[in-house]
Amino acid sequence: MEIRVVPALVLIITLSVNNVWFGVCYTAFVFGDSLVDAGNNNYLFTLSKADSPPYGIDFSPSGGQPTGRFTNGRTIADIVGEALGGKSFPPPYLAPNIAAATAFRTGINYASGASGILDQTGSLFIGRVPLRQQINNFEQTRSYMVNMVGENTTNIILKNAIFSLTIGSNDVLNYFQPSIPPFSDKVSPTEFQDFMISNLTMQLKELHRLGARKFVVVNIGPLGCIPFIRAISLNILGGKCSAKVNSLVREYNKKLMEELDQMNNNVGRNAMFVYANSYDVFREIILNFPKYGFVNNDGPCCGGYFPPFLCFKGENANTNSSALCDDRSKYVFWDAYHPTEAANLIIADKLLNGDKSVCYPMNIHQLYNYMI
C-alpha cells in the first residue's frame, strides 16, 4: 500500500448556524468503553459509573470534580485530542443540551462504561451503550449535521475527522466470568475471537458507509495484568499476570490486525484503518515500571486489592472505600480496571508518535496529516 503524508491539514470551514459563526479544526468521534467514556454513563441507570470523588481528582477542566471519566484525570482520547490541537474535549453524546453544532467544533464522545463489541456484554451492570448503539447514535449526529450544512460539507468534515474505537476489553472479561449471560455456555476461545472480529468489522464498515475515513482501532490491552484479574486469579501476592487471559487477548489482537490490514487493502486510498497496539505499550510499562517513574505496577491507587474494588470517597475517612495512594503519578493503575492519567500520558504519546510496531501502518500524528 502506498502511503502519502502531507503537511498538517487544518480544515477551516466558516459556518453560520442560528447566527453563530465558527470554524472547524480538529474533530474527533470517540467510541468505546470505560477507558474513553467522558461521562455518558452519568445519564444512564447503571452500576458502571464514575460520577463521584475521587474520580476526576486530577482533571483540571472540572477543578478536580468527577466528570464520569473512569480515572483520576484525562483519558487517552483526551490526551490525543489535545496533542492534535483540540481546544476542548468532545462532550458525551448523552449529556443534555449538547447542541448539534458541537459535532463541528470538537466532535462527540459516544463511549460507555461496561459496553462491548457484543450487545450482551456488560448486562450485569444493567445500563450501558453497546458499540452498535453508539454507532446508531453517531448516525443521528450525522443527520443533524446534514440538516445544518448539507451532505457535501458534512462529508468533507467527516472524512477529515478522527474516528477512534477502544473496545473489546469487557467482552473478554465477561468471557472469563462464566456466570454472566450469554457466556455461561462458553464457546471455544477461537470461536469467541472470531465472533468479536466479525461483529467489530461489521460496525467499522457501517461507520465507513456513514462517511468515516480515518480510523484508529485500539487493540485490547494486557487484561491478565489488571488488578481485577490478578485478584480473581489469585495472583495478587505473586505479582503474576494471568497467562490464560493474556493469551486469548494476544490471539484476538493478531486477528484484529490482520482484519484491519485486509480492510485497508480493500478500500485503497478511500480510507485508512490504523491498528493501535496498546497491548505491547502497556505491557512494557507494567514490566519496566521503574523506567517510567512508577513505584507500583500491580495494585490500584484507589479501591484496594480485593473485591468488590470500590473506589469512592465518603463523608469521612471511615466511609472511604480505602485509603487513596499518596502519589497518583507513581501508580500504573488508578482502580482495579483502569490506568492512571500518568500511564495514559505514556500510552497516548506512543500512539501519537510511535513506529509501526506501535501503530500500523502509521501513527496517529501521521493519520491526522494523511490526505484521503
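The following paragraphs describe the overall make-up of a predicted protein model and then selected local features.

The structure is a predicted model, in which local features need pLDDT of at least 70 and side-chain atom pairs count only at pLDDT 80 or more, while totals for chains, interfaces and linings use all residues. Residues are numbered from 1 along each chain as its sequence is written, and side-chain values use heavy atoms, with hydrogens and water left out.

The protein contains 11 helices and 10 strands. These elements are DSSP runs numbered from the N terminus, with helices being H or I runs of at least four residues and strands being E runs of at least two. Of its 372 residues, 55% count as buried. Here buried means under 20% relative accessible area, exposed means over 50%, and partly exposed lies in between, as computed with a 1.4 Å probe on protein chains only. A contact requires heavy atoms within 4.5 Å. Among contacts with a separation of 6 or more, 70% are accounted for by residues 24 or more positions apart.

Arg69 counts as buried because its relative accessibility is 6%. Its side chain is joined to that of Thr67 by a polar contact of 3.0 Å. A polar contact is a pair of N or O atoms within 3.5 Å; within protein, one atom must be able to donate a hydrogen and the other to accept it, and residues adjacent in sequence count only if both atoms are side-chain atoms. When neighbours within four places in sequence are left aside, the residues in contact with Arg69 are Asp37, Ala38, Ala50, Tyr55, Phe59, Thr75, Asp78 and Phe89. With Asp78, Arg69 also forms a salt bridge, in which the closest N and O atoms are 2.7 Å apart. The term salt bridge denotes a side-chain nitrogen of Lys or Arg within 4 Å of a carboxyl oxygen of Asp or Glu. Both Asp78 and Arg69 are buried.

Asp78 is one of the buried residues of helix 1, together with Ala77, Ile79, Val80 and Gly81. These buried residues pack against strand 3, helix 10 (341–353) and helix 11 (364–368). After helix 1 comes Gly85, which has a positive phi near 105°. Gly86 lies in the loop between helix 1 and helix 2. Residues up to four places away in sequence not being counted, Gly86 touches Tyr26 and Gly81. The C-alpha atoms of Gly86 and Thr106 are separated by 6.9 Å, although these residues are 20 residues apart along the chain.

Side chains of opposite charge can pair when their charged atoms come close. In the whole structure, 10 salt bridges are found. One of them joins Glu82 to Arg74, with the closest N and O atoms 2.6 Å apart. Arg74 and Glu82 are linked with Glu341 in a network of salt bridges. Glu82 counts as partly exposed because its relative accessibility is 37%. A further salt bridge is formed by Lys291 and Glu284, whose closest N and O atoms are 3.4 Å apart. Lys291 is exposed, at a relative accessible area of 62%, whereas Glu284 is partly exposed, at 26%.

Two packed helices are described by the angle between their axes and the distance between the axes. Helix 3 (residues 131–149) packs with helix 6 (residues 189–209) at an angle of about 5°, and their axes are 10 Å apart. Helix 3 is therefore roughly parallel to helix 6. Helix 3 contributes Leu131, Arg132, Ile135, Phe138 and Glu139 to the contact, and helix 6 contributes Leu200, Gln203, Glu206, Leu207 and Arg209. By class, the contact has five nonpolar, one polar and four charged residues. Axes are lines fitted to C-alpha atoms, for helices over the stretch in contact, and angles run from 0 to 180 degrees between N-to-C directions. Angles under 35 degrees count as roughly parallel, over 145 as roughly antiparallel, 65 to 115 as roughly perpendicular and the rest as oblique. Ala, Val, Leu, Ile, Met, Phe, Trp, Tyr, Cys and Pro count as nonpolar, Asp, Glu, Lys and Arg as charged, and the others, Gly among them, as polar.

In helix 4 (residues 151–160), the buried residues are Thr154, Ile157, Leu158 and Asn160. Their cover includes strand 3, helix 2 (102–105), helix 3, strand 5 (162–166) and strand 6.
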